[in-house]
Amino acid sequence: MPLLTLQNVHLAYGHVALLDGVDLAVEPGERLALIGRNGTGKSSLLRGIAGDIAFDDGQRIVQSGMRLATVAQEPLLDPAHRVFDAVAAGLSEQAAAIAEYQHLTHQLAAAGTQPAPGSLERLAALQAQLDASGAWAVTHRIDSVLTRLGLDGEASVASLSGGTRKRVALARALVAEPDLLLLDEPTNHLDIESIAWLESLLVSYRGALIVITHDRRFLDRVATRVIELDRGKLRSYPGSFSAYQTRKADELAHEAVLDAKFDKVLAQEEVWIRKGVEARRTRNEGRVRRLEALRRQRSERRERLGHVNLTVDAGERSGKLVAELIDVTKSWGERTVVRNFSTIVQRGDRIGLIGPNGAGKTTLLKLMLGEIEPDTGTVRLGTNLNIAYFDQLREQLDEEAPLVETISPGSDWIEIGGRRTHVMSYLERFLFAPQRSRSPVRSLSGGERNRLLLARLFARPANLLVLDEPTNDLDIETLELLEELLAEYPGTVLIVSHDRTFLDNVVTQSIVALGDGQWREYAGGYSDVEATRGREAAQTQTQAAPVRGGANAGAATGATTGASAADDVAAGTGAAAAAASTAGDAPSAAGAAAAPRRVKLSYKEQRELDALPQRIADLEAEQKTLGEKLADPSTYQNDAAGVAAMNERFAAIEEELLTALERWEALEARR
């Protein structure tokens, strides 16, 4: 029996029908991903499912006794609560007792004097009550969730940032263990380690789940069914997000063909009816009625929403050198966030900064831009830099300013790449209708604010794009278009993001936080970093095994390092450091744990590194040509004697490619 059923549900705001006869059944244990364009009504549907708003029409049927918990985009928390109290509030029948027990124990521990009269008796009574209800397991569950989400149970809710409040709301929902859990953009403001932990938790979650998110890797791992809200209709796609993408592409292609045929018939009928008197003869009244029906059908057909049209003016080219950091160190108080870090950023680089919240990614970004001075070390900036900055806190947006003033203050025109464009036409490229162009910024949703900031960012010439968490609240289609734009962008891009798929699809190299202010540069995106760390963990296992004096000890060390290799990337603790802690004080293990030291390449090695990309491209081209010949039947007829040699060369190229790629990776890592 379904936990929840929606039957012929309707919901409209003004003239816009967000839900137009929607049906949905949620079975126990299902994990549903709700996707769709920003502004299509996903959050409204989720609120209707939760019972927070009433649908205009239709039925919402809930299984008797079902427990439901929601994490909204903007959660409401009591500012007077501690974090522990706010999380415990998700357990209504035990929350008050748990919170009071925690408060009394902290009060007694802090007093250091004779306890207040009756407090010990009350504490004993609470302990007996909690023992009888089995609430100690609940308390442990609260502490575990707080730890994994990086929350301080004693912190005041009133002092928390928006991102931390979101994590508190997530913790409150998780400890309740509801039958149906509703999550609206749960990955926003979480770092990669927390996202990976949330994925694992939801995959093993026994209840049902409906989640709104645009994190494609998260969707692929968590969802068992994708439901898409598109033009007021809800469509269901069993399976993973990758399976949905394939099926959706086929559907859209078929829909385009049908619409084109319909429009052709309609155009023919429009030409006919304009012929005049003949159209009004009695024997043609049926054709007139048919045309009227076609027109009604055409007016009722809701068009697929337009595509975001992203273009960017790269302006003048910067110098080859964009920024150089030499042994840079930066501390805030007693905490060092960047320690003895060196790197070179060149024109055309697309660099991703990866690390947990609070690791210092924004600080490192500002050091690279020269916005803050290092405590020690040198920062050298290149020439002719024209920087466009995408700020994750949206500080650049005036809440009261209309959209047109945000894009082009004091003018109705903007100039991109030497061509003048009216600001309203430009806003339409980013899916802002003309009637909304005079609306204030405060009327926009989170995703719409991001689109507006992107529109503002791309409206001015820039040869260095700085994107600090650009993917939050963007829908999947806009994300993919942004990826295409950045892939073709001739300038330099610096990106801070926790979206692993976005990093994989955009960046050419990654700078990863290793903890304690240490940073390291890797070639490629997040998956490349994971693969490299995995190989290093395996090497560390091999080196550490003899030190511990036995195969069993070595296996244990390998299990420790191998299992945590992927987590190390996100958590900012190196796999080598994990191995060293396992191996004790042995000299070789300590050596393995040392942070990698930058070694300047020799002239010969630099020449070799410069030549390797072309060498790899030549090998791939040769391999492609051979593959085409071997796939052609005429090759076996006209050159049967040469087929064996072609096969041998094809196999040899595989080996040469592997060797060249490994050498390139090794030299790039050293550089």
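Colleague: Where does Glu185 lie, and between which elements?

Modeller: Glu185 lies in the loop between strand 6 and helix 7 (192-203). Helices (H or I, at least four residues) and strands (E, at least two) are DSSP runs, numbered from the N terminus. This is a predicted model, in which local features need pLDDT of at least 70 and side-chain atom pairs count only at pLDDT 80 or more, while totals for chains, interfaces and linings use all residues. Residues are numbered from 1 along each chain as its sequence is written, and side-chain values use heavy atoms, with hydrogens and water left out.

Colleague: What makes Glu177 buried, exposed or partly exposed?

Modeller: The relative accessible area of Glu177 is 32%, so it is partly exposed. Glu177 also has a positive phi, about 45 degrees, although it is not a glycine. Its place is the loop between helix 6 (162-175) and strand 6 (180-184).

Colleague: Which value makes Ala173 buried?

Modeller: Ala173 has a relative accessible area of 5%, so it is buried. Ala173 is in helix 6. Its C-alpha atom is separated by 5.6 Å from that of Ala69, 104 residues apart along the chain.

Colleague: Why is strand 7 (residues 208-212) called mostly covered?

Modeller: Five of the five residues of strand 7 are buried. Ala208, Ile210 and Ile212 are buried on one side, Leu209 and Val211 on the other, and both faces are covered. In a regular strand the side chains alternate between the two faces of the sheet.

Colleague: What makes strand 6 and strand 7 a pair?

Modeller: Two strands pair if DSSP finds at least two bridges between them. Strand 6 and strand 7 run parallel and are joined by five bridges.

Colleague: Why are strand 14 (387-390) and strand 20 (518-523) called edge strands?

Modeller: Six strands form an open sheet in the order 14-17-18-12-19-20, with mixed pairing. Strand 14 and strand 20 each pair on one side only. The twist averages 15 degrees from one strand to the next; axes are lines fitted to C-alpha atoms, for helices over the stretch in contact, and angles run from 0 to 180 degrees between N-to-C directions. Within this sheet, strand 12 (residues 350-354) and strand 19 (residues 509-515) pair in the parallel sense over four bridges, and Ile351 stands opposite Gln509.

Colleague: Why is helix 11 (residues 361-369) called largely enclosed?

Modeller: Seven of its nine residues are buried, so helix 11 is largely enclosed by the rest of the structure. The buried residues are Lys361, Thr363, Leu364, Leu365, Leu367, Met368 and Leu369.

Colleague: What makes Tyr237 and Tyr244 an aromatic pair, and of which kind?

Modeller: Rings of Phe, Tyr and Trp (its six-membered ring) pair if their centres lie within 6.5 Å; planes under 30 degrees apart count as stacked, over 60 as edge-to-face and the rest as tilted. A search of the whole structure finds two aromatic pairs. Tyr237 and Tyr244 are 5.0 Å centre to centre with 80 degrees between the planes, an edge-to-face pair. Tyr237, Phe241 and Tyr244 form one aromatic cluster. Tyr237 is buried at a relative accessible area of 1%, and Tyr244 at 8% is buried as well.

Colleague: Which distance puts Lys330 over the face of Trp332?

Modeller: A charge sits over a ring if NZ of Lys or CZ of Arg is within 6 Å of the ring centre and within 35 degrees of the ring normal. Lys330 lies over the face of Trp332 at 4.7 Å from the ring centre.

Colleague: How many cavities of 30 Å³ or more does the structure hold?

Modeller: It holds two. On a 1 Å grid over the protein atoms alone, a cavity is a set of points where a 1.4 Å probe fits but cannot get out, and lining residues have an atom within 4 Å of a point. Grid points are joined across faces, edges and corners, and a volume is the space filled by probe spheres set on the points. The largest cavity has a volume of about 140 Å³. Of the 18 residues that line it, Thr187, Asn188, Thr471, Asn472 and Asp499 are the closest to its centre.

Definitions and conventions: Buried means under 20% relative accessible area, exposed over 50%, partly exposed in between (1.4 Å probe, protein chains only). On a 1 Å grid over the protein atoms alone, a cavity is a set of points where a 1.4 Å probe fits but cannot get out, and a pocket is an open set with protein on both sides within 12 Å along at least five of seven lines; lining residues have an atom within 4 Å of a point.
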